[in-house]
Amino acid sequence: MTKAEIQQVKQRFGIIGNTEALSRAIDVAIQVAPTDLSVLITGESGVGKESFPQIIHQYSRRKHGQYIAVNCGAIPEGTIDSELFGHEKGAFTGAIGERKGYFGEADGGTIFLDEVGELPLPTQARLLRVLESGEFIKVGSSKVQKTDVRIVAATNVNLTQAIAEGRFREDLYYRLNTVPIQIPPLRERGDDVWLLFRKFAADFAEKYRMPAIQLTEDAKKELVAYPWPGNVRQLKNITEQISIIETNREITAAILRTYLPVQNTQRLPALFGTRESKGFESEREILYSVLFDMRQEVAELKKMVHNMMAERTGQVGQMGQVVATPVVTTTHQPSVPAIIHAVQPSVCPKEDDDDIQDTEEYVEETLSLDEVEKEMIRKALKRHHGKRKSAAKDLNISERTLYRKIKEYELD
């Protein structure tokens with residue numbers, strides 16, 4: 001396609017930017033649209049992957065058919081087969097009527113499977129059958145049904161790594177990845193950051209009926225240099241914050257920096273390992289790892305308190321030995337440290353015992369694992385203003401798991 005044609009597509013679908021990689025992705029989407037090939041769209045969270053399935057659908061022969069977008073990570077594992085493929089009346093508790101399912105509804109159209117990497121393995125097998133033969137079976141039925149659906153999938157998960165860890169089927173990956181489209185992250189799009197900011201600033205000025213904010217030259221440099229881990233979604237949110245809060249409509253670099261989160265890898269509590277770098281068998285193992293790290297910090301705090309108390313009495317040399325916090329491993333999870341109470345040290349004279357006991361009670365207070373898990377989820381939801389997708393990413397768990405935990409702990 002020519003540059004002028006690609007520009008028309010950008011205007012039609014509200015895509016801002018002139019980066020070559022972005023234009024190339026749009027070109028590939030339009031070229032593959034007239035075919036029925038499956039497309040896999042990859043890119044970090046917040047880059048705008050949801051625009052490309054719409055481009056593919058609108059430029060295909062299916063444009064007059066149904067277009068259904070499904071967030072696979074937001075559907076509970078127990079109901080996802082019913083949502084996608086439908087169910088018969090009485091197939092399970094609560095199935096008071098028949099359900100057609102998305103693949104039945106979208107016959108002749110397009111289905112966009114967002115966060116396809118979050119699908120459970122049994123559902124992946126069902127999806128593979130649809131891709132290979134166009135056939136599926138409703139939950140609770142033995143009758144094979146046919147559907148003519150174009151599948152476009154998207155993910156921010158490293159599927160190659162997920163395959164190596166046994167979390168994603170290799171045969172399904174190759175079926176979905178017939179035509180790959182990679183969306184570049186915002187930090188690689190140069191001056192597109194400034195163009196997007198200007199567009200968002202104008203939109204919010206109109207929405208809130210106020211003058212649009214302007215950036216000084218040093219603020220523009222700061223804006224472009226920032227890595228934008230949340231990509232376009234993060235840029236839009238920050239632009240809205242500044243538009244509402246700042247009374248001065250000219251934004252300097254100093255003002256802008258107050259809205260940009262500091263990129264700090266030492267945040268506590270830290271979730272060790274990621275989906276791409278280390279596979280945990282469960283979220284519980286992640287929490288064990290976090291709690292063990294917190295336990296080490298508590299031991300250091302105890303040692304510091306005891307040494308201070310010993311120095312006060314001038315007996316550091318004689319009674320400053322601190323009993324180390326023992327660490328044991330459980331029988332069922334040998335690689336995971338167990339949560340235990342430390343041996344109570346006695347390092348100071350009797351007259352200081354009350355002070356030491358108070359400190360011990362404070363630093364040794366240990367919550368149950370479920371209570372800690374509940375508190376971490378509650379704080380993550382508060383940090384992200386109730387946005388469950390962002391909270392799930394912060395906690396390094398799937399959105400489906402977060403929904404289940406919220407229901408389990410009654411955090412609605």
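Reader: Let's start in the sheet: what is the bridge partner of L40 in β6?
Author: This is a predicted model, so take the pairings as such. Strand β1 covers residues 39-42 and runs parallel to β6, with four bridges joining the two. Further along this pairing, T42 stands opposite T155 in β6. For L40, the bridge partner in β6 is A153.

Reader: And which residue is the bridge partner of L40 in β7?
Author: β1 also pairs with β7, again in the parallel sense and over four bridges. In β7, L40 has as its bridge partner P180.

Reader: Which residue of β6 is the bridge partner of T110?
Author: Look at β3, residues 110-114, which pairs with β6. That pairing is parallel and has four bridges. The β6 partner of T110 is R150.

Reader: How do the strands line up across the open sheet, and in what order?
Author: Five strands make up this open sheet, and their pairing is parallel. At the edges sit β2 (67-71) and β7 (179-182), each pairing on one side only. From one strand to the next, the twist averages 20°. Reading across, the order is β2-β3-β6-β1-β7.

Reader: Is β6 largely enclosed or open, and how many of its residues are buried?
Author: In a regular strand, side chains alternate between the two faces of the sheet. Here R150, V152 and A154 point one way from β6, while I151, A153 and T155 point the other way, and all are buried. So β6 (residues 150-155) is largely enclosed by the rest of the structure, the number of buried residues being six of the six.

Reader: What about S38: buried or exposed?
Author: S38 is found in the loop between α2 and β1. Leaving aside neighbours within four places in sequence, S38 is in contact with L131, I151, R175, L176, T178 and V179. Its relative accessible area is 10%, and buried means under 20%, so S38 is buried.

Reader: Which handedness does the crossing of α2 and α3 have?
Author: The two axes lie 8 Å apart at about 35°. The crossing of α2 and α3 is right-handed.

Reader: How is α9 oriented against α11?
Author: Helix α9 covers residues 192-208 and helix α11 residues 231-245, and their axes come within 9 Å. They cross at roughly 45°. That makes the orientation of α9 to α11 oblique.

Reader: Which hand does the α9 and α11 crossing have, and how many charged residues are in the contact?
Author: The crossing of α9 and α11 is right-handed. On the α9 side, the contact is made by V193, L196, F197, F200, A201, F204, K207 and Y208; on the α11 side, by V232, L235, K236, T239, E240, S243 and I244. By class, the contact of α9 with α11 has 10 nonpolar residues, two polar ones and, as for charged residues, three.

Reader: Stepping back, what share of the residues counts as buried?
Author: The protein has 18 helices and nine strands. Among its contacts with a separation of 6 or more, 71% are between residues 24 or more positions apart. Of the 412 residues, the share that counts as buried is 43%.

Key. Residues are numbered from 1 along each chain as its sequence is written. This is a predicted model: local features need pLDDT of at least 70, side-chain atom pairs count only at pLDDT 80 or more; totals for chains, interfaces and linings use all residues. Side-chain values use heavy atoms; hydrogens and water are left out. Axes are lines fitted to C-alpha atoms, for helices over the stretch in contact, and angles run from 0 to 180 degrees between N-to-C directions. A crossing is left-handed if the near helix is turned anticlockwise from the far one by less than a right angle, and right-handed if clockwise. Buried means under 20% relative accessible area, exposed over 50%, partly exposed in between (1.4 Å probe, protein chains only). Two strands pair if DSSP finds at least two bridges between them. Angles under 35 degrees count as roughly parallel, over 145 as roughly antiparallel, 65 to 115 as roughly perpendicular and the rest as oblique. Contact means heavy atoms within 4.5 Å. Ala, Val, Leu, Ile, Met, Phe, Trp, Tyr, Cys and Pro count as nonpolar, Asp, Glu, Lys and Arg as charged, and the others, Gly among them, as polar.
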